[in-house]
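Trainee: I would like to go through the terms used for this structure and see what stands behind each one. Please set each value against its cut-off.

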Amino acid sequence: MAKETTTEKSTSANLVEVKHLVKYFPVTEGILRRKVADVKAVDDVSFTVKEGETLSLVGESGCGKTTAAQTMLRLIEPTSGDVMFKGENVFAARGDELKKIRRNMQIVFQDPYASLDPRLPVGDAIAEGLIIHKVGTADERYEKVRQVLKMVGLEDYHASRYPHEFSGGQRQRIGIARALVLDPDFIILDEPVSALDVSIQAQVLNILKNLQDELGLTYLFVAHNLAVVEHISDRVAVMYLGRIAELATREELFGKPLHPYTQALLSAIPVPDPTRKSRRTILAGDVPSPLNPPSGCRFHPRCPIARLPHCSVEEPQLRELRPGHEVACHYAEDFL
Ligand code: SF4
C-alpha cells in the first residue's frame with residue numbers, strides 16, 4: 001500500500017476520538033485513607049487520531065502522555081471523559097463488546113522485557129493474545145506467530161527461545177509482534193524506542209513505518225523527545241502538565257511552532273551542522289507538580305514571554321490559529 005501524504009490523511013476519517021479525558025490520582029492520608037488532594041495527571045485532553053496516520057503525543061516526563069495513552073485502553077480507569085473507537089464508546093463498553101474493541105487496540109510498551117514472562121518461550125508469549133481471544137487452532141496459531149515474527153525481521157527458530165536470549169532491539173521487535181498478532185487497526189506505541197541505542201532506534205522506527213505502510217495501521221506514538229517523532233509523525237500534540245499546549249501537522253509544528261514551550265523543546269534538538277549556531281532556549285526551573293499546577297497558564301512560571309498578571313490568571317484555551325494548527329497560548333499570534 002502506498003503511503004499517503006499528510007494532506008491526504010487530513011481528509012481521512014477519525015479512527016479514535018478522545019473527548020475531555022481526565023485522569024486524577026487521589027492522594028490519601030491517615031488510617032482512614034481520607035482523600036486530601038488529586039494528582040491531575042491528565043486534565044481535560046481532547047484529540048482525534050485519523051485512520052492510517054501517526055499522531056505523536058510528546059512532552060517531558062510527568063506531563064501525562066503515558067497516563068493519557070494507557071487510560072485510552074482502560075489499562076488505567078479514567079476519572080471522566082470519553083474515548084470513541086470506530087464510533088463505539090470504549091469507556092461504556094462491557095463484556096464481549098469491550099473484548100472486541102481491545103483486540104483492535106493494542107499497545108507496545110517502553111520496556112518489552114518487563115512485559116515478557118522470562119519462563120515463557122517468546123513464541124508462546126506472542127500466541128497468548130490469540131489464546132485469550134480464542135483465535136484459530138493450535139496449528140493456525142503457530143502459523144500466525146511465524147508470520148508476525150517474519151514481519152518484524154525475526155526467524156521461525158526465535159519462537160522457541162527465551163526473552164533473556166534476545167538483545168534490547170530484538171525484544172522490542174517481539175513486543176511489536178505481540179501487538180500485531182491480533183491484526184489490530186490501532187496501536188499505541190508507548191516510548192517504544194526510548195530504552196534503545198540510537199542506531200537500534202532507527203531500525204525499530206523503520207520497521208514500524210514499513211508495517212504501517214503494508215498493513216494500513218494507525219499509531220499513537222508517545223515520546224518525550226521531539227527529535228524521535230520528527231520522521232514518523234503525521235501530526236504532533238505537545239503536552240504540558242496534563243494539558244495539550246499545541247497540536248499541528250508535523251510540517252507546521254517543526255516549521256512554525258507557535259507555543260513557547262514547543263519552541264523551547266525544538267531548540268533543544270541538536271543541529272548536525274557545525275556552521276549553524278544553535279539558539280537554545282533554556283527553560284527556567286523544573287516542571288511544576290501536577291498535584292498543584294500553577295494558576296492561569298500552567299507554563300507561566302517557566303515561560304520566557306509570560307505577561308503578568310494576564311498569564312498567571314487566565315488559562316489559555318486551545319485555539320486554531322492556522323488550518324489544523326491549534327495552540328493554547330494568549331500571545332501565540334506574536335509568532336504567526
Ligand atoms: Fe507563555 Fe502566557 Fe502563552 Fe502561557 S499564555 S505560554 S505564559 S505567553
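Predicted model: local features only at pLDDT ≥ 70, side-chain atom pairs only at ≥ 80, totals over all residues.

Trainee: Why are α4 and α5 called oblique to each other?

Mentor: Helices here are DSSP runs of H or I with at least four residues, and strands are runs of E with at least two, numbered from the N terminus. Axes are lines fitted to C-alpha atoms, for helices over the stretch in contact, and angles run from 0 to 180 degrees between N-to-C directions. Helix α4 (residues 122–132) and helix α5 (residues 138–151) have axes that come within 10 Å and cross at roughly 120°. Under 35 degrees counts as roughly parallel, over 145 as roughly antiparallel, 65 to 115 as roughly perpendicular, and the rest as oblique. The pair α4 and α5 is therefore oblique.

Trainee: Which residues make the contact between α4 and α5?

Mentor: From α4 they are Gly123, Ile126, Ala127, Leu130 and Ile131, and from α5 they are Arg141, Lys144, Val145, Val148 and Leu149. Contact means heavy atoms within 4.5 Å. The residues of this contact comprise seven nonpolar, one polar and two charged. In that count Ala, Val, Leu, Ile, Met, Phe, Trp, Tyr, Cys and Pro are nonpolar, Asp, Glu, Lys and Arg are charged, and the others, Gly among them, are polar.

Trainee: What makes α6 roughly parallel to α7?

Mentor: The axes of α6 (residues 168–180) and α7 (residues 198–215) come within 10 Å and cross at roughly 20°. That angle makes α6 roughly parallel to α7. The contact involves Gly169, Gln172, Arg173, Ile176 and Leu180 of α6, and Ile200, Gln203, Val204, Ile207, Leu208, Leu211 and Leu215 of α7. By class, the α6 and α7 contact has eight nonpolar residues, three polar and one charged.

Trainee: Why is Leu98 called buried?

Mentor: Buried means under 20% relative accessible area, exposed over 50%, and partly exposed in between, with a 1.4 Å probe and protein chains only. Leu98 has a relative accessible area of 12%, so it is buried. Leu98 belongs to helix α3 (residues 95–104). Not counting residues up to four places away in sequence, Leu98 touches Arg74, Val90 and Ala93. Between Leu98 and Arg74, 24 residues apart in sequence, the C-alpha to C-alpha distance is 9.9 Å.

Trainee: Why do Arg250 and Asp44 count as partly exposed?

Mentor: Arg250 has 23% relative accessibility, so it counts as partly exposed. Asp44, at 36%, therefore counts as partly exposed as well. Arg250 lies in helix α9 (residues 250–255), and Asp44 in strand β2 (residues 34–50).

Trainee: What makes α10 largely enclosed by the rest of the structure?

Mentor: Seven of the eight residues of α10 are buried, so the helix is largely enclosed. The buried ones are Pro260, Tyr261, Thr262, Ala264, Leu265, Leu266 and Ser267. They pack against α8 (226–229), β9 (235–240), β10 (243–249) and α9. Helix α2 (residues 65–72) is mostly covered, with seven of its eight residues buried.

Trainee: Which residues touch the most other members of the largest nonpolar core?

Mentor: Phe221 and Leu226 do, in a core of 55 residues. A nonpolar core is a set of buried Ala, Val, Leu, Ile, Met, Phe, Trp, Tyr and Cys residues joined through side-chain atoms within 4.5 Å. Leaving aside neighbours within four places in sequence, Leu226 is in contact with Val58, Val236, Leu253, Phe254, Thr262, Leu265, Leu266 and Ile269. A second, separate core has 33 residues, including Val16, Val45, Cys63 and Phe186.

Key. Residues numbered from 1 in each chain as written. Heavy atoms only, no water.
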